[in-house]
Amino acid sequence: TLPERRARAFGLFGALMGIAAAAGPLIGGELAHRLGWRATFAFLLLPLAVSAWLARGIPQVAAPSRADELPGVLRELASSRAFVGGSLVVALQNCAMYAVLFQMPLLLGVLRGESEAAVGRTLLALTAAMVIGSWLGGHVSERLGPRATVVIACGVSVAGLAWLRDVASIRTALDAVPGLALLGLGVGLTT
């Protein structure tokens, strides 16, 4: 890929990852609603089996124990403030996103009485916005640069979390959609 198209390529990759992530809550919600929650775990056996089968061809390599034993590219990345900072932003955003993905089904399903299928469809707001944000992030980064894109993304993510922080105001699944969409858009912009 040409250097000027790299951001767009990463955006496309992030969008594909978001589409894959969107399928999880949607399929899981439908499976739990129709066949019970145990069916979601049975469904996971298929991708785990495929992953294990594919991993059998990967050669084992001894991991370096010290930073000075890292290959050149990894050593350069580990010493880059931009790379380390960007990685930290992505890690923190993912921690927030996965906390929401864990808590939202409990809030909506257990406390608000929404069906598993409704919860899965509601979580689609986060993952669909993540897909859009990933695609959009490549374009924004090409125009404004990566630093400005990350600052915007963090602001959008924080706005989504601020929306979701008032749990008492989330009475139905639809009440959570704007916050989930903002969080997903922010996470997507950084991928």
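**Notes on the model**

A: Leaving aside neighbours within four places in sequence, leucine 189 is in contact (heavy atoms within 4.5 Å) with Gly133, Ser134, Leu136, Gly137, Thr149, Ile152 and Ala153.

Q: What sort of model is this, and how are residues numbered?
A: This is a predicted model, in which local features need pLDDT of at least 70, side-chain atom pairs count only at pLDDT 80 or more, and totals for chains, interfaces and linings use all residues. Residues are numbered from 1 along each chain as its sequence is written, and side-chain values use heavy atoms, with hydrogens and water left out.

Q: What is the mean pLDDT of the protein chain?
A: The mean is 83, and 90% of the residues reach 70 or more. pLDDT is the predictor's confidence in each residue, from 0 to 100.

Q: Where is confidence lowest, and where is it highest?
A: Lowest in helix 3 (residues 72-78), at a mean of 74, and highest in helix 7, at 94.

Q: Back to leucine 189. Which helix does leucine 189 lie in?
A: Leucine 189 lies in helix 7. Helices (H or I, at least four residues) and strands (E, at least two) are DSSP runs, numbered from the N terminus.

Q: Is leucine 189 buried or exposed?
A: Buried, with a relative accessible area of 8%. Buried means under 20% relative accessible area, exposed over 50%, and partly exposed in between, with a 1.4 Å probe and protein chains only.

Q: How far apart are leucine 189 and methionine 130?
A: They are 59 residues apart in sequence and 7.5 Å apart in space, C-alpha to C-alpha.

Q: How many helices and strands are there?
A: The protein chain has seven helices and zero strands. From the N terminus on, its elements run α-α-α-α-α-α-α.

Q: What size of box do the C-alpha atoms fill?
A: Roughly 55 × 40 × 30 Å, taken along the principal axes. Of the 191 residues in the protein chain, 30% are buried.

Q: What share of contacts comes from residues 24 or more positions apart?
A: Among contacts in the protein chain with a separation of 6 or more, such residues account for 74%.

Q: Now helix 6. Which of its residues are buried?
A: Thr149, Ala153, Val156, Ser157, Gly160 and Leu164 are the buried residues of helix 6. Seen down the axis of helix 6, they fall within an arc of 100°, so they line one face of the helix. The arc is that of the directions from the helix axis to the C-beta atoms.

Q: Why do residues three or four places apart point the same way?
A: An α-helix has 3.6 residues a turn, so residues at that spacing point the same way.

Q: What does the buried side of helix 6 pack against?
A: Its buried residues pack against helix 4 (81-111), helix 5 (116-144) and helix 7 (173-190).

Q: And which exposed residues are on the face turned away?
A: That face of helix 6 carries Arg147, Val151, Val158 and Arg165.

Q: How many residues are in the largest nonpolar core?
A: It has 17 residues, and those with the most contacts inside it are Val100, Met104, Leu126, Leu164 and Leu180. Helix 4, helix 5 and helix 7 each supply at least two residues of this core. A nonpolar core is a set of buried Ala, Val, Leu, Ile, Met, Phe, Trp, Tyr and Cys residues joined through side-chain atoms within 4.5 Å.

Q: What does leucine 180 touch?
A: Leaving aside neighbours within four places in sequence, leucine 180 is in contact with Val100, Met104, Thr122, Leu123, Ala125, Leu126 and Leu164.

Q: Last topic. How many disulfides are there?
A: The count comes to zero disulfides, where a disulfide is a pair of cysteine sulfur atoms within 2.5 Å.
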